[in-house]
Amino acid sequence: GNSVTQMEGPVTLSEEAFLTINCTYTATGYPSLFWYVQYPGEGLQLLLKATKADDKGSNKGFEATYRKETTSFHLEKGSVQVSDSAVYFCALSPYGGATNKLIFGTGTLLAVQP
Amino acid sequence: DTEVTQTPKHLVMGMTNKKSLKCEQHMGHRAMYWYKQKAKKPPELMFVYSYEKLSINESVPSRFSPECPNSSLLNLHLHALQPEDSALYLCASSQGRTGQRKNYGYTFGSGTRLTVV
């Protein structure tokens, strides 16, 4: 079946530290992969996406590369800010599935301290 | 317009009440979704509409009744809810029809925070 596994949180970092949030997936074919961010009290925002192997998604200093050989889509940022504090969800959409259903990981809470 | 708008933002209702959640988008998206999110959990899919037709119902209890009056609007009618139905209800939309080969991502609304008392 299709599934997404994210590293457990919370992740606590100091401002300007390097961020990595690990995400691995199980799926057949070539799923589309996403990172969503949820700020406190808000809905989800699409942070970045990749739709085929070796694609790199990037936005607001965040990056993730679609690695089919390791079935991974790790989120990275070189220098985090306090405003990046949020919950980050990795998600996949199966290739050519019967729906555009999104399958989410459990989410990782990031807390950035000044 | 690149937004999904949900109303109301907050709703408190009794177990015997009938209420509706509303969702609107003007991006020309033809797939729309309802998700339920409990605290500290990922969203759970409830319903999928594709071209105004219900294509997926994830075994949701009948006290939740979705409606898609046109391509821009999605409603969720609520009746005889239980306290455990208290959650954040998220609407989302995406391009194209379900079953297309690639998914370019959803646009989510800010959600309706529902409390059932």
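What is the torsion about the S-S bond of B:Cys23 and B:Cys91, and is the disulfide left-handed or right-handed?

Author: A note on conventions comes before the answer. Residues are numbered from 1 along each chain as its sequence is written, and chains are lettered from A and ligands numbered from 1 in the order in which they are written. This is a predicted model, where local features need pLDDT of at least 70, side-chain atom pairs count only at pLDDT 80 or more, and totals for chains, interfaces and linings use all residues, while side-chain values use heavy atoms, with hydrogens and water left out.

The torsion about the S-S bond of B:Cys23 and B:Cys91 is about -70°, so the disulfide is left-handed. B:Cys23 lies in strand β3 (residues 18–25) of chain B and B:Cys91 in strand β9 of chain B, so the pair ties together parts that are 68 residues apart in sequence. Strands here are DSSP runs of E with at least two residues, numbered from the N terminus. The sulfur atoms of B:Cys23 and B:Cys91 are 1.9 Å apart, and a disulfide is counted when two cysteine sulfur atoms are within 2.5 Å. Both B:Cys23 and B:Cys91 are buried, meaning under 20% relative accessible area with a 1.4 Å probe and protein chains only.

Chain B also has B:Cys68, whose sulfur is 9.1 Å from the closest cysteine sulfur, in B:Cys23, too far for a bond. B:Cys68 is buried, with a relative accessible area of 13%.

Over all chains there are 2 disulfides. In chain A, A:Cys23 is bonded to A:Cys90, with sulfur atoms 2.0 Å apart. A:Cys23 sits in strand β4 and A:Cys90 in strand β10, 67 residues apart.

Technical notes. Helix = DSSP H or I, 4+ residues; strand = E, 2+ residues; numbered from the N terminus. Buried < 20%, exposed > 50% of the residue type's maximum accessible area, 1.4 Å probe, protein only.
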